[in-house]
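Please work through each task before reading its solution.

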Amino acid sequence: MASTTSGTADGWKAKLNKALQEKNFFTDLLQKIEDKTGVRRLYIVIALAAFLGIYLMVGYGAQFVCNFVGFLYPAYASVKAIESYQKDDDTQWLTYWVVYSFFALVEFFADIFLFWIPFYWFLKCVFLVWCMAPIASNGSQMIYHRLIKPIVLKYQNKIDDAIDKAADRLQEVGDFAEDIGRGAANDAIRKRMADATKDE
């Protein structure tokens, strides 16, 4: 059992270390820190993650930090996905944003209860990192395929009908407002013309 856990941890460390060797702004910054301190970038990232975890448990502004973590990298990766010619990365990040939106909606209505969960922002941050993790069966894939997709497919026709009805109502309201506006404008023009003829 201990050797399996050790092997899994070593596997994660190897994957993380490989990701930290790629060329981008973050790894260039890590390279500079590594050169100045002599501490390997893997340990710098692990220390930053530990600090972030502790801060999310007891720090001021943990909600902002958690939402920042859940938004910053996915937004950057989404822009990169839009600009690439591959479809898979578009689907990956669109799935993340669907799950993120679903979670934000649930969180909005359950906020009064979630407030009482100890270390909620830490747990939420771990959840969001799991949802954006670069693995095949990350959280967003699992939640989308097991929860969101079946619900949407079950009620898809009803949802589409409701959207069509809402669009028709909105069009009616817009037409009505346009008619009222046109009538008011015509009345104002008539009144000005009548006032102008009286002055003559």
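**Exercise 1.** How do the axes of α4 and α6 cross, and within what distance do they come?

*Solution.* The model is a predicted one, in which local features need pLDDT of at least 70 and side-chain atom pairs count only at pLDDT 80 or more, while totals for chains, interfaces and linings use all residues. Residues are numbered from 1 along each chain as its sequence is written, and side-chain values use heavy atoms, with hydrogens and water left out.

Step 1: helices are DSSP runs (H or I, at least four residues), numbered from the N terminus, and their axes are lines fitted to C-alpha atoms over the stretch in contact, with angles from 0 to 180 degrees between N-to-C directions.
Step 2: the axes of α4 and α6 cross at roughly 5° and come within 9 Å. α4 is therefore roughly parallel to α6, given that angles under 35 degrees count as roughly parallel, over 145 as roughly antiparallel, 65 to 115 as roughly perpendicular and the rest as oblique.
Step 3: the contact (heavy atoms within 4.5 Å) includes Cys 66, Gly 70 and Tyr 73 of α4 and Cys 125, Leu 128 and Met 132 of α6.

**Exercise 2.** At what angle do α3 and α6 pack, and how far apart are their axes?

*Solution.* Step 1: α3, residues 41-58, packs against α6 at about 140°, the axes being 6 Å apart, and the two helices are therefore oblique to each other.
Step 1: on the α3 side Gly 53, Leu 56 and Met 57 take part, and they meet Trp 121, Phe 122 and Cys 125 in α6.

**Exercise 3.** Which residues does Leu 128 touch, not counting residues up to four places away in sequence?

*Solution.* With that exclusion, Leu 128 touches Cys 66, Gly 70, Tyr 96 and Tyr 100.

**Exercise 4.** What is the geometry of the aromatic pair formed by Phe 127 and Trp 130?

*Solution.* Step 1: a pair of aromatic rings is described by the distance of the centres and the angle of the planes. Rings of Phe, Tyr and Trp (its six-membered ring) pair if their centres lie within 6.5 Å, and planes under 30 degrees apart count as stacked, over 60 as edge-to-face and the rest as tilted.
Step 1: Phe 127 and Trp 130 lie 6.2 Å centre to centre with 55° between the planes, and the pair is tilted.
Step 2: these residues are 3 residues apart in helix α6, so about one helical turn separates them.
Step 3: Phe 127 has 19% relative accessibility and counts as buried, whereas Trp 130, at 34%, counts as partly exposed; buried means under 20% relative accessible area, exposed over 50% and partly exposed in between (1.4 Å probe, protein chains only).
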